[in-house]
Amino acid sequence: MSRITLSNLAHSYFPQPKSDADFALKEMDHVWDDGGAYALLGASGCGKTTLLNIISGLVRPSQGRVLFGDRDVTDAETTERNIAQVFQFPVVYDTMTVRQNLAFPLRNRGMDAGYIARRIDQIAAMIGMEAMLDKKARGLTADAKQKISLGRGMVREDVNAILFDEPLTVIDPHMKWELRTQLKSLHREFGHTMIYVTHDQTEALTFADKVVVMHDGRVVQMGTPEELFETPAHTFVGYFIGSPGMNLFDAEVSGSEARLGGVQVALGAAYGPTTGRTQIGIRPEYVTLSDKGVPVTVKRVEDVGRHRIVRAELQGQSLNAILAEGETVPADPRVSFAAGKVNVYANDWRVLPAENGRGA
Amino acid sequence: MRIRPSAIVMTIYLLFLLIPIYWLINMSLKTNTEITSTFSLYPQSLTLQNYVTILTDPSCTWAMSIR
Amino acid sequence: MDKTQNNKAWFLVLPVLLLVAFSAVLPLMTVVNYAFNDTFGNNEFFWAGLEWFEDMVTSDRLHDALGRQILFSAIILAIQVPLGIFIALNMPKKGFWASLVLILMALPLLIPFNVVGTIWQIFGRVDIGLLGHSLAAMGIDYNYTNDPLDAWITVVVMDVWHWTSLVALLCYAGLQSIPQAYYQAAKIDQATRWSVFRYIELPKMKGVLLIAVLLRFMDSFMIYTEPFVVTGGGPGNSTTFLSIDLAKMATGQFDLGPAAAFSLMYFCVILLISWVFYTVMTNLDREENR
């Protein structure tokens, strides 16, 4: 087990990348703590899998170094890195039994037979496959096969990290929750560093201590679920996390006020002058619909059960607000934003208020 | 650059496949006297006469049912 | 649940049955007719019973040809299947080179059988062929028209040249269907190259390998044109395989009765061995599924 350091890392699938757009992963510097549970969250094609494969050594980065603890493993083979990885689609050795499948990584490393047998019993209990141990893997359902893959990923105790590449895609919804809980408790018990790639925010937020949000080949934010919700570092995080995502408005910011078309909005803090495209962002949860504040046009109201989502327009820009149960839309709807919950963005990156220093 | 073993295997196999075909083409471009008198890896006096013969000889053209 | 029986559907198969009857069964019946009768021309037939079959079963000439045939097919399978797999494993997976290699490998498969024979007939000649000439230049005494062993080597190498690509291409198709994640998982599990082959690649190739073995067995067991062009069955009878012997008997000596009986037995032997191959290989499969 060790800390993972990505230093000056970047990767392009082209031999001679010309522009920024040729890079699947743009330059990044990050440290992943030993024993952390991380979720790599992002839309399809944002570079999540590339980053994961660089860590596991299946892909060699075009620039930068990867360090496990103090050891530079950039050029080390996957096998030397001592890493486990579970893939999106089940990978099982068809002609082997479930038991042989689970034993395979241990046998290849020349472990003692008694130890292997004990370990397999533990893992089988964990993935709930004790009864099927002597069945051939070929005839099993996709669910069961993926559980074998998970089991094979976790069978080694001495790994530096376990990487999961959207491992629950093919699993039944109720089983998903159960397996995720299992993984989580396993993490608490053994303290392996776990990196879990997903495009599902619920999965990411429930699994991880720290969520790493990726967008367009960049890590745009690395933080706790709360940080991602309250202070998204990038407009993408605001938009991607939350349902519906953060409201973003083009605005002009001066001091502690923003001008939004014809209206003024209080920001709750003072900001220095911004450059580039300036936006302000507010979570729908922090928008209050009443008869005070800035006038909006309500387009429609969607009932999602626990609460309702109001789709509206503010100065020609669309706005979502959450309406708690029992509240009604006023005849002359106006909105106000909760003080201190408004974030300011310049060219998509969050701007810190002036008191705390300037710029992001 | 390091040469991959698989490239060597494929080169040997493809040479094995192509050399006999090359030899047939080589023969087709030689004159009869050249074939019987000398042994060379490529036609010394390149000729298309064999193709002319085969395409104009009546006993050969019927086989290809040109008409 | 009971299904309703509807026998009218059988009528839908009728056109196919008629077609097969005309194209396959009728000619076969002619052969059957010759096999059980004797004729001296004039379309007069005398019932011969099993006489021709007895002749053929006890014929040393047939035994020798059958022995040569089985040896030939065994050698062909023993070389082409492993070699085909080996080549498939070494073929480039994608890109320009993959396309080029595919095209070049398909070339021998596109050449007419008698041209294949001609190519090797010339190629092996000591006076004008590159192979024969080079071997002679190296001081190796090689002459496929005089030496039975040289003739055999030539015919086997020719068949390997002609058909290994087929086995390789079939295996290649099987290999291409393996997702990249399997190789990555194997790396992470620290599998050896042999394990990757044994547990990932071979299971995926098994279906196509069955087809490859069957095709190669049937084709090599019926081989006629190429060795006929190269050696004409010689020197002596050393490369006279079953179908060459059959043709000699039927068209050379005009022994139609024995040839017909021979054909029928030949046909049955191929059917039988193919069936055995198929059953053994599919049973292995089922065994592993359990």
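Predicted model: local features only at pLDDT ≥ 70, side-chain atom pairs only at ≥ 80, totals over all residues.

User: Which residue other than glycine has a positive phi?

Analyst: One such residue is A:Asn347, with phi near 50°. A:Asn347 sits in the loop between β21 (343–346) and β22 (349–351) of chain A.

User: Now the chains. Which pair of chains shares the most contacts?

Analyst: Chains B and C do, out of the 2 pairs of chains in contact. On the chain B side 17 residues take part, and on the chain C side 26 residues.

User: How far apart are the closest C-alpha atoms of chain A and chain B?

Analyst: They lie 15 Å apart, and no contact joins the two chains.

User: Back to B and C, then. What area do they bury, and on which atoms?

Analyst: Chain B and chain C bury about 2,000 Å² between them, and carbon and sulfur atoms account for 86% of it. On the chain B side, B:Met10, B:Tyr13 and B:Phe39 supply 27% of the area buried against chain C, more than any other three residues.

User: Which residues make the contact?

Analyst: From α1(B) they are B:Ser6, B:Val9, B:Met10 and B:Tyr13, and from α3(C) they are C:Phe86, C:Ile87 and C:Asn90. By class, the contact of α1(B) with α3(C) has 5 nonpolar residues, 2 polar ones and no charged ones. B:Met10 and B:Tyr13 were also named above for the area that chain B buries against chain C.

User: And A with C: how many residues, and what area?

Analyst: In this interface 22 residues of chain A are in contact with 20 residues of chain C. The area buried between chain A and chain C is about 2,000 Å², with 55% of it from carbon and sulfur atoms. In chain A, the residues that lose the most area to chain C are A:Tyr93, A:Thr95 and A:Arg138, together 25% of what that side buries.

User: How many salt bridges does the rule find across that one?

Analyst: Across the interface of chain A and chain C the rule finds 1 salt bridge. C:Asp189 and A:Arg152 meet through their side chains in a salt bridge, at 2.9 Å from N to O.

User: Let us turn to chain C by itself. How do α8(C) and α9(C) pack?

Analyst: Helix α8 (residues 180–188) and helix α9 (residues 193–221) of chain C pack at an angle of about 150°, and their axes are 11 Å apart. The two helices α8(C) and α9(C) are therefore roughly antiparallel to each other. The crossing of α8(C) past α9(C) is right-handed.

User: Which residues meet there?

Analyst: C:Tyr182, C:Tyr183 and C:Ala186 in α8(C) meet C:Val196, C:Ile200 and C:Glu201 in α9(C). The residues of this contact divide into 5 nonpolar, no polar and 1 charged.

User: Finally, what does α3(C) do with α11(C)?

Analyst: Helix α3 (residues 60–90) and helix α11 (residues 242–252) of chain C pack at about 150°, with their axes 8 Å apart. On α3(C) the contact involves C:Arg61, C:Leu62, C:Ala65, C:Leu66 and C:Gln69, and on α11(C) it involves C:Leu242, C:Ser243, C:Asp245, C:Lys248 and C:Met249. By class, the contact of α3(C) with α11(C) has 5 nonpolar, 2 polar and 3 charged residues.

How values were computed
Residues numbered from 1 in each chain as written. Chains lettered and ligands numbered in written order. Heavy atoms only, no water. Axes fitted to C-alpha atoms, helices over the stretch in contact; angles between N-to-C directions. Helix = DSSP H or I, 4+ residues; strand = E, 2+ residues; numbered from the N terminus. Parallel < 35°, antiparallel > 145°, perpendicular 65-115°, else oblique. Left-handed = near helix turned anticlockwise from the far one by under 90°. Contact = heavy atoms within 4.5 Å. Nonpolar A, V, L, I, M, F, W, Y, C, P; charged D, E, K, R; others polar. Buried area = accessible area lost by both parts, 1.4 Å probe. Salt bridge = Lys/Arg side-chain N within 4 Å of Asp/Glu carboxyl O.
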